[in-house]
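Biologist: I would like to know what stands behind the labels we put on a model. Shall we go through a few of them?

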Amino acid sequence: QVRLVESGGGLVQPGGSLRLSCAASGRGFSINDMDWYRQLPGNRRELVATITSGGSTNYADSVKGRFTISRDNAKNTVYLQMNSLEPEDTAAYYCRADISFPWAKNLNYWGQGTQVTVSS
């Protein structure tokens, strides 16, 4: 059993910053890629950023240069540092982890979501 718990969302003014965290708890698993997604108006889900187990990263064009994804493998935690936030970044943000157990590989786990609202 693996659980992903997100934190760090909230209300911020345009130009401000927030840092999201997503911690995986449980036993007996290893984490491969970890991602942050966001749910936009109209229920469209957008991949925001990805980080591999080796630390390679990828970003959506809309957040390049403003967001930074990182992870602490010892803590099974992924972070999303969001700077220069814009109203268009308002969304529910979800983390996803690609997790393997000795008996099963590449299972997707999702966090519960955390709301980010950018407004003056």
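**Strands, burial and salt bridges**

Modeller: Start with one pair of residues. Tyr 93 stands opposite Thr 114 in β11. Keep in mind that the model is predicted.

Biologist: What makes β9 and β11 a pair?

Modeller: The count of bridges does. Two strands pair if there are at least two bridges between them. β9 and strand β11 (residues 114-118) are joined by 3 bridges and run antiparallel. So the 3 bridges meet the cut-off of at least two.

Biologist: Which other strands pair with β9, and in what sense?

Modeller: β4 pairs with β9 in the antiparallel sense, over 8 bridges. There, Gln 39 stands opposite Ala 92 in β9. Strand β10 (residues 104-110) is joined to β9 by 5 bridges, again antiparallel. Phe 101 has Ala 104 in β10 as its bridge partner. A hairpin through 2 residues connects β9 to β10.

Biologist: Why is β9 called mostly covered?

Modeller: Count its buried residues. A residue is buried when its relative accessible area is under 20%. In β9, 11 of the 11 residues are buried. Arg 96 is one example, with a relative accessible area of 11%. That value is under 20%, so Arg 96 counts as buried.

Biologist: What makes the contact between Arg 96 and Asp 35 a salt bridge?

Modeller: The distance and the atoms. The cut-off is within 4 Å, from a side-chain nitrogen of Lys or Arg to a carboxyl oxygen of Asp or Glu. Here the N to O distance is 2.4 Å, so the pair passes. Arg 96 lies in strand β9 (residues 91-101) and Asp 35 in strand β4 (residues 30-40), so the pair ties together parts that are 61 residues apart in sequence. Asp 35 is buried too, at 3% relative accessible area.

Biologist: How do you know that Arg 38 and Asp 89 form a salt bridge?

Modeller: By the same test. Their side chains meet at 3.0 Å, N to O. Arg 38 is buried at 4% relative accessibility. Asp 89 is buried with a relative accessible area of 1%. Both residues also belong to a network of salt bridges with Glu 46, Arg 66 and Glu 86.

Biologist: Are Lys 64 and Asp 61 buried, partly exposed or exposed?

Modeller: Exposed means over 50%, and partly exposed lies between that and the 20% limit. Lys 64 has 48%, so it is partly exposed. Asp 61 has 65%, so it is exposed. Their side chains meet in a salt bridge of 3.1 Å, N to O.

Biologist: How many salt bridges are there in the whole structure?

Modeller: The search finds 6.

Biologist: What makes the radius of gyration agree with a compact globule?

Modeller: Compare two values. For 120 residues, a compact globule would have a radius near 14 Å, and the protein has 14 Å, so the two agree. The C-alpha atoms fill a box of roughly 50 × 25 × 25 Å along the principal axes.

Biologist: And which elements build the protein?

Modeller: Strands. There are 11 strands and 0 helices. Of the 120 residues, 46% count as buried.

Note on methods. Residues are numbered from 1 along each chain as its sequence is written. This is a predicted model: local features need pLDDT of at least 70, side-chain atom pairs count only at pLDDT 80 or more; totals for chains, interfaces and linings use all residues. Side-chain values use heavy atoms; hydrogens and water are left out. Helices (H or I, at least four residues) and strands (E, at least two) are DSSP runs, numbered from the N terminus. Buried means under 20% relative accessible area, exposed over 50%, partly exposed in between (1.4 Å probe, protein chains only). The radius of gyration is taken over C-alpha atoms; the globule rule is 2.2 Å times the number of residues to the power 0.38.
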